[in-house]
Amino acid sequence: MRIALFLQQPSPEAGPRINPVTEEVIGRLRRRGARVDLLVAEEHVFDLADLRPSHDLYVLKSKSPLTLSVAAVLAAAGASVVNSVAACALTRDKIAVTAGVSAAGVPVPPSWATAEPARLGPLAATGPLWLKPLAGSKGHGVRRVAEPADLGSERVRWNAIGQPLPLFVQREMPGTGTDLKVYVVGERAWAVAKAWPTRTDAEKTGMPAALPAPVREAALRSGEALGLEVYGVDFLVTGEQFWAVDVNAFPGSRGVPELPRCLADYLYTRARRGPEQARPTAPFEAVA
Amino acid sequence: MVATRICFLLERGDPPRRNLVIEETIALLEARGAAVQTRYLEETLLRVDTLRPDADLYALKSNTDLALSVATVLERLGARVINTALATTRTRNKVVAAATLFGASIPTPRSLAAARPAQLRADLSCGGALVLKPHRGHYGVGVSVAESPTGLPMDEKFCDPDVVFAQSYLGSARADLKVFGIGAEVWGVGKRFVAGQSFAAGGEAVPLPPEVEALARRTARAFGLELYGLDLAEGPDSTVWVLDVNAFPGYRGVPGAAERLAARLFAEARWDGSDKA
């Protein structure tokens, strides 16, 4: 059995990024006899006429544009990929995530998109907002807008080919300063309570927490709406109320002792089953 | 009877540009009784969490991130989008587009993908010249030609920080033919490609040999496109190459383009889901 793991590489000098959970998963797969190859897409030149699957399973720990492009080509040629490229692409897009999980009946904060910061002024006048990059992750570039004056420095931003970049904002909801992160592998789900933003290593790991049934159901519905198999959903929880504020494909998943074993089992089984077992990205079905 | 609702998702462009074919198409649709909306999504404040389809058909004539996100959501919520968000996304990523062409055995130049221009040094040392493009570029923005390793742009100067797409440079090929398609109909337009000006350049209708028409239809099928434009090149051995695939082009130079486009969009908006003739 051959499994390829596409990994992130922050810079060519830094080497691939492997967190403790991924390291344990790799070890467990190798002990079961699987050959596990660690790939960094950014280290290679791909000849697109010759790109064919050579592994039983490709695991997308990295979701960089080059990794997703290459994985899309491999999947079109019949490769088995976890999470699917379509699910990863949807999950990178906060508009698709928010509209998709909301349509599936999962509570989300009121959310808006525009490319013109000036349009956010009236919204900011009625309460604090969180401004988030459309394809951001791990809280990078997230900023609180407490009042219209906080938008003063925001200008229309353009991408390299001259198109205006979208801004995505969400209304601030009452919270306790602690996120409930739900990690899901297939149908198994665990919760970890984490302070946000995380600063220390202990905060990054978080504390195992009880997973209320409605939150578990909401996490699984979110994954189903986006076609994800291995994912995390971040919730703000206040009393009985909760809101999904972020979804991540193949997150770091620290703080759950049994997760690496379950994840290794899941990937091993997926590699044996092949591409026909991939979870389809179902259309969003709006809940009335 | 309720009017057929057609919503155009449009891109203003920088500098802003008018598309006379689209303006005429909208007028023709309104003359048929359709209720036509035009939306420049970047210039609106869009409520995302309650987004639901509110038109019988969305015409996706924008390549921006926001338009593609919204079209993807609308389509997954059951809206009809032409071209589909999936097909449009396939054309927009040049890495995926090239692989789609190879997968369908459609002649296209040798194509490479890398993270940085410097990674192409070894290839340029032993191979021919390369055309470097941003992987999500359009209108020729950011395109450069490298004939040797020293001709490569500096990594930090290349306009796509994530992916470099490179194709073999077909120096001796004639690359002045565009093919436009609406459904099964195809037209040829002869025009000289000028980087950064392709949307402004006019052109003359030219007859297409049957094999080029067939190649265009085969390409559209491989991508799932209904409305499309292709940039073609003809090599010295008469091989016709597909250089670029565009979703929902401007159709400049196509005789009666607005009438044909309006008829296609009107029929698509009123289609009840039964088998198409």
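Visitor: How many residues of chain A are in contact with chain B?
Guide: 44 residues of chain A are in contact with 48 residues of chain B. Contact means C-beta atoms, placed from the backbone, within 7 Å. This is a predicted model: local features need pLDDT of at least 70, side-chain atom pairs count only at pLDDT 80 or more, and totals for chains, interfaces and linings use all residues. Residues are numbered from 1 along each chain as its sequence is written, and chains are lettered from A in the order in which they are written.

Visitor: Which elements give two or more residues to the side of chain A that touches chain B?
Guide: Strand E3 (46-47), helix H2 (65-76), helix H4 (94-103) and E6, all of chain A. Helices (H or I, at least four residues) and strands (E, at least two) are DSSP runs, numbered from the N terminus.

Visitor: And how does that side divide into nonpolar, polar and charged?
Guide: 30 nonpolar, nine polar and five charged. Ala, Val, Leu, Ile, Met, Phe, Trp, Tyr, Cys and Pro count as nonpolar, Asp, Glu, Lys and Arg as charged, and the others, Gly among them, as polar.

Visitor: What joins E6(A) to E3(B)?
Guide: Two bridges, with the strands antiparallel. Trp112(A) stands opposite Arg47(B) there. Strands pair if DSSP finds at least two bridges between them.

Visitor: What's the order of the open sheet?
Guide: E8(A)-E7(A)-E9(A)-E6(A)-E3(B), five strands with antiparallel pairing. E8 (143-145) of chain A and E3 (46-47) of chain B are the edge strands.

Visitor: Which residue in E9(A) is the bridge partner of Ser111(A)?
Guide: Gln170(A). Four bridges join E6 (residues 111-114) to E9 (residues 167-171), both of chain A.

Conventions:
Contact = placed C-beta atoms within 7 Å.
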